[in-house]
Number of protein chains: 4
Amino acid sequence: MDFEEVFIYEHKVQFYETDKMGISHHSNYIRWMEEARMAFFASCGADYGQLEEKGIESPVVSVECRYKAPSRFGEVLRIAVKTDYFNGVRLRFSYSFLDAQDKLIAAGMTEHCFVNSAGTVLNMKKACPEFWRSMAANTF
Amino acid sequence: MDFEEVFIYEHKVQFYETDKMGISHHSNYIRWMEEARMAFFASCGADYGQLEEKGIESPVVSVECRYKAPSRFGEVLRIAVKTDYFNGVRLRFSYSFLDAQDKLIAAGMTEHCFVNSAGTVLNMKKACPEFWRSMAANTF
Amino acid sequence: MDFEEVFIYEHKVQFYETDKMGISHHSNYIRWMEEARMAFFASCGADYGQLEEKGIESPVVSVECRYKAPSRFGEVLRIAVKTDYFNGVRLRFSYSFLDAQDKLIAAGMTEHCFVNSAGTVLNMKKACPEFWRSMAANTF
Amino acid sequence: MDFEEVFIYEHKVQFYETDKMGISHHSNYIRWMEEARMAFFASCGADYGQLEEKGIESPVVSVECRYKAPSRFGEVLRIAVKTDYFNGVRLRFSYSFLDAQDKLIAAGMTEHCFVNSAGTVLNMKKACPEFWRSMAANTF
């Protein structure tokens, strides 16, 4: 796996993210994907806060995560994010969670669309060309 | 402690609310106070959703919680809520958390104000008299 | 969709489960699947707490969720749970989230395995035959 | 307020930490105090993970938070942590939450005790002298 061209986000597992099995609760990975994605947007010059100022929101359409090994309190995970697909309407990210030994402990994906304040689905090529260009330039 | 006149809300501790100590994470009690408070509002005929429709929000001004004994996955807690104080501007609730044996395992309080969409602090006696009456009738 | 034979769990959307889009944050659906699943276990006479007392844990191996429409603060969702598959080693549930108008707003699945305290993957037919029978009887 | 001698922890407000008022949900401040406290422990050479390896846990006995101004998605908060009091048995921290303009937006405190795996309350002067010394050296 070549991570040279992907964006890497780090998350330190917090105590409140653990559960009674002594590991990170599985629902947190969905939240960490969001953290990583927001940082990725910013790194592309496509700040999510700026989208919101234009009245554009980006609901999550689907999520998936496969868990291969647990993570634990205090561990620093690296989350590799990449854009799988973006046609202006539908945006798909994939995520790889790596532990300190570079072991792949989980892998996931999220899909997103874009809507205006009336809830109408937007084509970002038209609705926000600079966002489209920023993201398209970072789609593999 | 006489709970005859107070509102009782039940919450079943969820797996995702536990932490690696094997008990409910302490931050959840703050969330359970909110659950209990919202149910209490509704029981007073002062539905929080209706307040929001009028453009009124109720930020939390302060919270406190003292933990006497832990709670665990699957336990059904009873949360006794009562209004300590309401002068139209500032509203204060207190909460008692009881386990299945009626043991007091935690006690807390929250304070709230009311603001309009411009962020101006409201006196609910004027801004929303029916809410004022509903809550005042339930203040001990 | 015939829900006659499936288990239905209800969840009321809490204020703390909303996000700044004004809807339930998507990560909560993963938690609600857990709530529904735990209630389903209990309804099958296969209490999860009892498994834990035997030193058996059930890590989540994968999750998926597709979001079709948002849910909002105060809504009562019904979550239909059913066992898709259980061969003793791998257990798979599917979930349908319905709003008050019986509209399908989200659908998901989770997969689970079973491990002992040493982390060894168990075949529940052998390790816990009464759990196996309870769940197998409820697998469609 | 002189923060020269206190420990500063930074937290970036995440999207999933917001609520439908468009601000950080108040329960998260309790979690951020934990984040800041754990980082403070580490900075004192008193790693919490090491305590746990010795079978020592540190339940939260009480929390308080006063909210003066909201925080929002994307904001980086600085949390100043200091030890108010530690007599070996009871440990008390206070926390100041500052926004990017150094404005105090919230202030809180937490109290903690220490227990062994049997649940017996420990005096850390005896039970873990190196922890006692690390923390005492950082108590103002």
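**A walk through the predicted model**

In chain B, His11(B) has Leu77(B) of S3(B) as its bridge partner, and I would like to start from that pair, in what is a predicted model. Residues are numbered from 1 along each chain as its sequence is written, while chains are lettered from A, and ligands numbered from 1, in the order in which they are written. Because the model is predicted, local features need pLDDT of at least 70 and side-chain atom pairs count only at pLDDT 80 or more, whereas totals for chains, interfaces and linings use all residues, and side-chain values use heavy atoms, with hydrogens and water left out.

The pair belongs to strand S1 (residues 7–12) of chain B and strand S3 (residues 76–86) of chain B, which run antiparallel and are joined by six bridges. Strands here are DSSP runs of E with at least two residues, and helices are runs of H or I with at least four, both numbered from the N terminus; two strands count as paired if DSSP finds at least two bridges between them. S3(B) also pairs, again in the antiparallel sense, with strand S4 (residues 91–98) of chain B, over eight bridges, and there Arg78(B) has Leu98(B) as its partner. Four residues lie between these two strands in their hairpin, where Gly88(B) takes a positive phi near 95°.

Staying with chain B, how far apart are the end C-alpha atoms of helix H1 (residues 27–43)? They are 25 Å apart, which agrees with the 24 Å that its 17 residues should span at 1.5 Å a residue, the expected span being 1.5 Å times one less than the number of residues. Of those 17 residues, 14 are buried, so H1(B) is largely enclosed by the rest of the structure; buried means under 20% relative accessible area, with exposed over 50% and partly exposed in between, for a 1.4 Å probe and protein chains only. After H1(B) comes Gly45(B), with a positive phi near 75°.

Let me turn to chain A and chain C. An open sheet of 10 strands with antiparallel pairing runs in the order S1(A)-S3(A)-S4(A)-S5(A)-S2(A)-S2(C)-S5(C)-S4(C)-S3(C)-S1(C). Its edge strands, each pairing on one side only, are strand S1 (7–12) of chain A and strand S1 (7–12) of chain C, and from one strand to the next the twist averages 20°. Within this sheet, S3(A) and S4(A) are antiparallel and joined by eight bridges, with Lys82(A) partnered by Ser94(A).

In contact, meaning heavy atoms within 4.5 Å, are 25 residues of chain A and 25 residues of chain C. Four salt bridges are counted between these chains, each a side-chain nitrogen of Lys or Arg within 4 Å of a carboxyl oxygen of Asp or Glu, and Lys20(A) meets Glu52(C) in a salt bridge at 2.7 Å, N to O.

Between chain B and chain C, finally, about 1300 Å² is buried, 58% of it on carbon and sulfur atoms, and the count of salt bridges there is zero.

Terms used: Axes are lines fitted to C-alpha atoms, for helices over the stretch in contact, and angles run from 0 to 180 degrees between N-to-C directions. Buried area is the accessible area (1.4 Å probe) that two parts lose on being put together, summed over both.
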